[in-house]
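User: I am new to this structure and would like to learn how to read its features one at a time. Please give the general idea before each case.

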Amino acid sequence: MMKPRNSITKTILKKFKNVSNPRKNPFSSSSIPREKVDCLVIGAGIVGIAVAKELSVNHGRQVLVVDSAPIFGTGTSSRNSEVIHAGIYYPTNSLKASFCVRGKELLYKYCKDHEIPHKQIGKLIVATGLSEVPRLSNLMTQGIQNGVEGLRMMEGYEATRLEPELQCVKALWSPSSGIVDSHSLMLSLVGEAESHGTTFSYNTAVIGGHIEGNQIQIHVSGSNAVANWNGSSELDSELILIPKLVVNSAGLSAPAITKRMKGLPDGILPASHYARGCYFTLSNTKSPFKHLIYPIPEVGGLGVHVTLDLNDQVKFGPDVEWIKGIDDIPSFLNMFDYSVHEDRANQFYPAIRKYYPSLKDGSLEPGYAGIRPKLSGPREVPTDFVVQGEDIHGISGLVNLFGIESPGLTSSMAIAEDVAAKLLK
């Protein structure tokens, strides 16, 4: 794997040789080095990596992946529940539903074939009161319509046989749900992509771009230069990349990058919202559960649920805290607030005790937080993934990915298939 370097000129210009005007002042607009590339993927999260693997391994394209972080998968991809979702929650024929069901199949096969640590442990979605039973029934109907196999409604006593610590009146059993070591998954995908010619350039921030003719030109700079920007002068590019194909899979900063792409038509950028979710871990005790336990979904998320890792450690979360966005430039460097305050546990205890009444006071410890890139805000109808191609923005060879939150990990390989199909049609 390419080691992180401190300068954009060291990462990319060493790889590509045919650079125009490399010796001139890099901060003069007329002398910024330019480099033609085949495929450019912006963002080395799980979706960007899956796209790079799909384009290089399955389609023989030369791919360059750029990310402002020093290594892959430092954003949303490493701050989630690491759950393989079945595809239950999402409207029929939505991208979330189709990508999740297809992605789950691809993901389990890839993990098996490449010996990625994972377990198909199953999930119980629980109704803790009679008023929640109709919603549980609706979830089962939705899952069946989405093509999820093996779903079964259980009475509370049946669920308690599976999980003695669980309290509920009914439960929906999802046998195809599971967990995966997301870091090992990303590491494997990166290795495969690199073995087929993909280059990963870390510490490399995309700060904007423009359309010249019908050609996309992407402006990049070293992350150090962006971090040291004084905030008053114009942020300059160190290099302009001229790719045949571009995939904007930058996650939380995908909207900001699109906003700074001059020449794109007005109205293509969806509204952006951000929801921080905190996780707490269970301290000094053996895991009370063997399966994933989920409550009825709440606005903005799936509720504070039980997730197990591959070492049988328990974590609870995430909750939903709607937060303001940050300015474009800090977002390029993922400078969001990921802190977890101990007093948020006060909201976790009553939520968890609805289905796990034996939870003891003082047993929750702060874990980590993630931020979900949402396209709908509080009290708004949840929105679908947006995979935006030429049919929307009119620019050949460009795909923007917006709102890739849960089930993004499960869907990643299916999204990659769809992106490749749009680009290579």
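User: Which residues does UniProt assign to the feature "domain: FAD dependent oxidoreductase"?

Analyst: UniProt positions are given in the numbering used here, feature names are shortened, and annotations may be inferred rather than shown by experiment. An unreviewed UniProt entry places this domain at residues 38–421. In that span, 29% is helix and 27% is strand, and the end C-alpha atoms lie 16 Å apart. Helices (H or I, at least four residues) and strands (E, at least two) are DSSP runs, numbered from the N terminus. Residues are numbered from 1 along each chain as its sequence is written. This is a predicted model, in which local features need pLDDT of at least 70, side-chain atom pairs count only at pLDDT 80 or more, and totals for chains, interfaces and linings use all residues; side-chain values use heavy atoms, with hydrogens and water left out.

User: Which strands pair with β21, and in which sense?

Analyst: Strand β12 (residues 239–248) pairs with β21 in the parallel sense over 3 bridges, with N248 opposite N400. Strand β20 (residues 386–388) runs antiparallel to β21 and is joined to it by 3 bridges; there, V386 is the bridge partner of F402.

User: Are the residues of β21 buried or exposed?

Analyst: Buried means under 20% relative accessible area, exposed over 50%, and partly exposed in between (1.4 Å probe, protein chains only). In β21 (residues 398–402), 5 of its 5 residues are buried. L398, N400 and F402 point one way, while V399 and L401 point the other way.

User: How is a helix such as α3 read, and what is its reach from first C-alpha to last?

Analyst: An α-helix has 3.6 residues a turn, so residues three or four places apart point the same way. Helix α3 (residues 95–114) has 20 residues and reaches 27 Å, close to the expected 28 Å; the expected span is 1.5 Å times one less than the number of residues. Its buried residues include F99, C100, G103, L107 and Y110.

User: At what angles does α3 pack against α6 and α12?

Analyst: Axes are lines fitted to C-alpha atoms, for helices over the stretch in contact, and angles run from 0 to 180 degrees between N-to-C directions. Angles under 35 degrees count as roughly parallel, over 145 as roughly antiparallel, 65 to 115 as roughly perpendicular and the rest as oblique. The axes of α3 and α6 (residues 182–195) are 11 Å apart, at an angle of about 75 degrees, and the two helices are therefore roughly perpendicular. Contact means heavy atoms within 4.5 Å; L107, Y110 and H114 in α3 meet L185, S188, L189 and E192 in α6. The axes of α3 and α12 come within 6 Å and cross at roughly 100 degrees. That makes α3 roughly perpendicular to α12 as well. Residues of α3 that meet α12 include K96, F99 and R102.

User: Which backbone angles deserve attention, and where are they found?

Analyst: Most residues other than glycine have a negative phi, and most peptide bonds are trans. A cis peptide bond joins G317 and P318, with omega about -5 degrees; P318 lies in the loop between β17 (314–317) and β18 (321–323). The bond from S406 to P407 is also cis, with omega near 5 degrees, and P407 is in the loop between β21 and α12 (408–423). N334, not a glycine, has a positive phi of about 55 degrees and is partly exposed at 24% relative accessibility. R379, not a glycine, has a positive phi of about 65 degrees; R379 is exposed, with a relative accessible area of 78%.

Notes
Two strands pair if DSSP finds at least two bridges between them.
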